Amino acid sequence: MLVILGLLSFLLSFLYMTAPSIRKFFAGGVCRTNVQLSGKVVVITGANTGIGKETARELARRGARVYIACRDVLKGESAASEIRADTKNSQVLVQKLDLSDTKSIRAFAEGFLAEEKQLHILINNAGVMMCPYSKTADGFETHLGVNHLGTGVTTYAVHPGIVRSELFRHSFLLCLLWRLFSPFVKSAREGAQTSLHCALAEGLEPLSGKYFSDCKRTWVSSRARNNKTAERLWNVSCELLGIQWE
């Protein structure tokens, strides 16, 4: 038993000593474009924390007018204040947006259209995971209502990798494991790179609707590429939301 414990202790010590190298190996791609965004308008959902916050910080650093759209306005204002101070960009604004309530979504859209003539970049970052069973204000299961119906259709789908974030906050066990293995996973800044790449890199327009990971297009299953399934999902989603397209 003592030998096993000794080996386990040695293994853990070795892993933590090499954690920086391991994390660098798994950090993935980096957004390398130098594009500046002066005069551009950006909306990022759930940008009060984690990947969304780091994405907002970088786009603000490049001169964009950034709207942090989130449910908790106080946390949003705290994040915006930090980003404004860090980037010296005063055009970092906060608007309330609760993706679990279609009334809130419509109110946000109406408010945005009243203030801005054009939206140049939309990053649907907000989402939930492993929530206890509950329903949205409109009666949809929370994961479906927020992650799919509330978010809507994205231009690109991206996978940020394994990132230190608040996504697992509803699971005590996973939060505990997350803390234990946090030295080995991506930081929020590293996790934001693929979103930034898709938002900023030139020449990606022909790849609209494709799937990206580590700043490059990646493979998806045949089911995800099935046009009939996609059309059915679109029609069912519109029906659930009471949307009619002419």
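Reply: Glutamate 54 touches Ala188, Arg189 and Ala192, leaving aside residues up to four places away in sequence; contact here means heavy atoms within 4.5 Å. This is a predicted model, so local features need pLDDT of at least 70 and side-chain atom pairs count only at pLDDT 80 or more, while totals for chains, interfaces and linings use all residues. Residues are numbered from 1 along each chain as its sequence is written, and side-chain values use heavy atoms, with hydrogens and water left out.

Glutamate 54 sits in helix α3 (helices are DSSP runs of H or I, at least four residues, and strands are runs of E, at least two, numbered from the N terminus). With a relative accessible area of 18%, glutamate 54 is buried; that term means under 20%, exposed means over 50%, and partly exposed is in between, using a 1.4 Å probe and protein chains only.

α3 (50–61) is also one of the things that the buried residues of α4 pack against, along with β2 and β3. Those α4 residues are Gly76, Ala79, Ala80, Ile83 and Thr87. Looking down the axis of α4, they fall within an arc of 100°, so they line one face of the helix (the arc is that of the directions from the helix axis to the C-beta atoms). At the start of α4, a side-chain oxygen of aspartate 72 comes to within 3.2 Å of the backbone nitrogen of leucine 74. At the other end, α4 is followed by lysine 88, with a positive phi near 60°.

Now the strands on either side. β2 and β3 run parallel, joined by 5 bridges (strands pair if DSSP finds at least two bridges between them). Tyrosine 67 stands opposite leucine 93 in β3. The chain goes from β2 through α4 to β3, a right-handed β-α-β crossover: with the strands pointing away from the viewer, the path from the first strand over the helix to the second runs clockwise.

α5 (residues 102–115) meets those strands too: its buried residues pack against β1 (41–45), β2 (65–70), β3 (92–96) and α10 (227–241). They are Thr102, Ser104, Phe108 and Phe112. Their arc around the axis is only 155°, which puts them on the same side of α5. The face turned away from that buried side carries the exposed Lys103, Glu110, Leu113 and Ala114. Aspartate 101 caps the N-terminal end of α5, with a side-chain oxygen 3.0 Å from the backbone nitrogen of lysine 103.

Conventions. Polar contact = N/O pair within 3.5 Å; in protein donor to acceptor, adjacent residues only side chain to side chain.
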